[in-house]
Amino acid sequence: MTGGTPIIAFDNVDKFYGDFHALKDISISVREGERMVICGPSGSGKSTLIRCINGLEFHNSGVLTVDGVEVYEGSKNILNLRQEVGMVFQQFNLFPHLTVLENLTIGPMKVRKASREDAEETARKYLDRVHIPEQAEKYPSALSGGQQQRVAIARSLCMESRIMLFDEPTSALDPEMINEVLDVMVELADTGMTMVVVTHEMGFARKVADTMVFMEEGRIVEVAEPEKFFTNPESDRCRAFLEQILEH
Amino acid sequence: MLNWLKKLHWLDWLVLAVVFGFFGFIWWQIEGNLNYKWRWHLIPNYIFRYHTGREEWFANVLLQGLAATIRISIYASILALILGTILGIARCSANLTIRMLARTYLEFLRNIPPVVVIFIFFFFLSQQLITAFNIESWARGIARQDSKWVWEFLFGDMRRFPSLISGVFVLALFESAFVGEIVRAGIQSVDKGQREGARSIGMNRYQELRYIVLPQALRRVIPPLANQFITLIKDSAIISLISVQELTFKTVELVASTRLIFEAWITCAAFYFVLCFGLSALFRKLENRGTARS
């Protein structure tokens, strides 16, 4: 996992929402194939950080480069970039008026201009990958939360993205459905996909993360390998946070 | 029936008595004081009439008027839906100028009485356009052709085509403001996550709107749009003021020539009522079926 060029690089990035300083002087990079897990208390800027990567939010100062392209508001490359960077949301954000299959094919067909046959073939391949090939003709509302999130993952995969962002993918799920989603994510990690995951699922983090990041109040407080992060974190705040979420 | 009667409270009886008393009083006034002579038997003739020369039945003024009202309502609704959708999208635009223009259009139409709007649109817009595109002579040309029955089925008497088009145009412009507001509400009711989902797979703003936001928004606003369609049918009565030969105009003419004041207007009202009430019942049924399915 070491080596490889940075595919995502934050360089002194700041982000404001009005007066609120959401990201403070962020400098961090992700290598190709790296799996980074970001954790921290709510409001610490984790979501903002990963939403900057595919331009759903734009930073105000500093330089952010993704896949060799600089990301900034008004950039002509944003649409191309978003095809390379898949994103999975906490609330799934599936399109309720389309069937599962249509949810998966609309991106490739309309954005990548793929033919219907090719798009459907790809879609079925990835539905297989997330273990719900039999749900293709249903509407998202007929699926359980876990199934919907797996469809959302497949939707991103169908764009053949090289980077996948996960914004608290299991936070909106009932407990019994969390593992089916995490299993899919572990399998995805095994394929060598570059992944940036915001999550509090520490079991998952231990299993797949190459790098752990702890954020608080818009700052990156700690960056470490999982082994060191979980056994001997440097900052007290990180230690306190881990104790809180691991005590159960 | 008897069971239903037994359920009535004495207060219900009182209310019913007052209502019947009121209408009885009006009837008594008309009969006694106005000395009005009811001539209901003449009305069917103005709906359908037997042409003795050609030996066939044909639709007379009232039915012609109803047909024109239905045609105008359908065309105006389609046009209003198109204009309104554009207006609704403009109202949600990221561009301030576009948003302001849409808002201005809307506020003008909402704060000026429809009749005034219709006169202004008619004299400034419709008249100008009809002259500019030479629609008048084009329509007369059609009226002389062999294939004119197709056109007559779609637009009625082709010699009246310019006035019909003005009516449709004016009504559509007027109603588009309200359709626009309905569409805007629909667009804004679509969750922000839907736009983010669309953007995250690389869709541009147009694709996001076309494939993700609009289909959901329009589906959601079908019930209020259906209501607006019924409102439009009722509003279409005011274009009789610009001499479009629809139901109200035809009734005015009928009353002027026959003095069948109450009979003609009551028949006219019944036509509107059956049309609008029928449609609203139909839409309610469709809506219930829609919700039962999803």
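Figure 1. Among contacts in chain B with a separation of 6 or more, 70% join residues 24 or more positions apart. Two residues are in contact if their C-beta atoms, placed from the backbone, lie within 7 Å. This is a predicted model: local features need pLDDT of at least 70, side-chain atom pairs count only at pLDDT 80 or more, and totals for chains, interfaces and linings use all residues. Residues are numbered from 1 along each chain as its sequence is written, while chains are lettered from A and ligands numbered from 1 in the order in which they are written.

**Figure 2. The overall form of chain B.** Chain B holds 14 helices and 2 strands. Helices (H or I, at least four residues) and strands (E, at least two) are DSSP runs, numbered from the N terminus. The C-alpha trace of chain B spans about 75 × 65 × 35 Å along its principal axes. Of its 294 residues, 31% count as buried. A residue is buried if 20 or more other C-beta atoms lie within 10 Å of its own, exposed if 12 or fewer, and partly exposed in between; C-beta atoms are placed from the backbone.

**Figure 3. The kink in helix H11 of chain B.** Helix H11 covers residues 205–220 of chain B. A kink of about 45 degrees lies at Val213(B), shortly before the proline Pro215(B). The bend at a residue is the angle between axes fitted to the seven residues ending there and the seven starting there. Buried residues of H11(B) include Tyr211(B), Ile212(B) and Val213(B). Gln216(B) and Ala217(B) are buried too. The buried residues of H11(B) pack against helix H9 (161–189) and helix H10 (192–200) of chain B, and also against H3 of chain A.

**Figure 4. Where chain A meets chain B.** The contact takes 18 residues from chain A and 16 residues from chain B. On the side of chain A, helix H2 (78–84) and helix H3 (100–111) each give two or more residues. H3(A) gives the largest share, 4 residues.

**Figure 5. The surroundings of Gly218(A).** Gly218(A) sits in the loop between strand E9 (211–216) and strand E10 (219–224) of chain A. Gly218(A) is buried because 22 other C-beta atoms lie within 10 Å. Leaving aside neighbours within four places in sequence, its contacts include His21(A), Leu23(A) and Ser44(A). Gly218(A) and Ser44(A) are 174 residues apart in sequence, but 5.1 Å apart in space, C-alpha to C-alpha.
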